[in-house]
Amino acid sequence: SLTAGVVAVQGDVEEHAAAIERAAQDHDREVTVREIRDGGIVPDCDLLAMPGGESTTISRLVHSEGIAPEIRDHVAAGKPLLATCAGLIVASSDAGDDRVDELEVLDVSVERNAFGRQKDSFEAPLAVDGLADPYPAVFIRAPAIDAVGDADVLASWDGRPVAVRDGPVVGTSFHPELTADSRIHGLAFFENEAAAVPALEDAQ
Ligand code: GLN
């Protein structure tokens with residue numbers, strides 16, 4: 001089966017693990033989920049998720065635990081990464097905040113808490129490139145994506161990009177792990193032609 005990693009230094013880890021399992025099932029794949037709190041596990045992972053939470057904390061811990069360079073290598077090898085909310089901020093090339101040491105695996109600039117002022121939390125039916133029907137997107141003190149470099153915008157809300165794809169990396173401002181709808185995980189991991197997940201016959 002495939003090995004999936006969820007960066008588990010902080011944030012909504014279990015929800016991502018469950019969403020990955022549902023998406024795998026929808027795509028007739030078997031997956032074993034591992035939680036990543038230390039260096040040395042990411043190299044065994046076929047796909048990775050970096051959850052929402054607190055981006056300054058996640059950033060600090062992925063660097064201090066030696067996970068950061070492994071995530072960069074994972075992406076450089078063309079393996080998929082789904083980075084959501086705080087995860088998107090950490091994955092970006094510019095978080096606009098000195099307390100975040102960006103991984104620079106997703107060529108976008110973000111503004112932290114951009115959707116936080118009007119309302120702390122809301123759900124919106126979002127049209128997403130590659131999905132037939134609107135996706136129920138949950139925004140919680142969500143970042144906006146300001147400048148998009150070498151990345152494709154998959155969805156926008158209120159005129160601002162909220163889902164992007166840069167090769168094997170998909171980033172969302174919202175939390176696809178917090179709804180029962182696992183189509184975003186499906187898109188990121190099993191339907192992304194730019195990302196290499198071992199084919200059924202090659203998976204161990
Ligand atoms: N506002 C948080 C941050 O900047 C992200 C919010 C979230 O992940 N729900 O880290």
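**Helix packing and a ligand site**

Q: At what angle do α1 and α5 pack, and how far apart are their axes?
A: Helix α1 (residues 13-26) and helix α5 (residues 183-190) pack at about 70 degrees, with axes 8 Å apart. That makes α1 roughly perpendicular to α5 (65 to 115 degrees).

Q: What kind of model is this?
A: A predicted one: local features need pLDDT of at least 70, side-chain atom pairs 80 or more, while totals for chains, interfaces and linings use all residues. Residues are numbered from 1 along each chain, and side-chain values use heavy atoms, without hydrogens and water.

Q: Which residues in α1 and α5 meet?
A: His-16, Ala-19, Ile-20, Ala-23 and Ala-24 in α1 meet His-185, Gly-186, Phe-189 and Phe-190 in α5. Contact means heavy atoms within 4.5 Å.

Q: Which atom of Arg-112 lies 2.7 Å from a ligand oxygen?
A: A polar side-chain atom.

Q: And where does the backbone come in?
A: A backbone N or O atom of Ala-86 lies 3.2 Å from a ligand oxygen. One of Ile-140 lies 3.0 Å from a ligand nitrogen.

Terms used: Axes fitted to C-alpha atoms, helices over the stretch in contact; angles between N-to-C directions. Helix = DSSP H or I, 4+ residues; strand = E, 2+ residues; numbered from the N terminus. Parallel < 35°, antiparallel > 145°, perpendicular 65-115°, else oblique. Polar contact = N/O pair within 3.5 Å; in protein donor to acceptor, adjacent residues only side chain to side chain.
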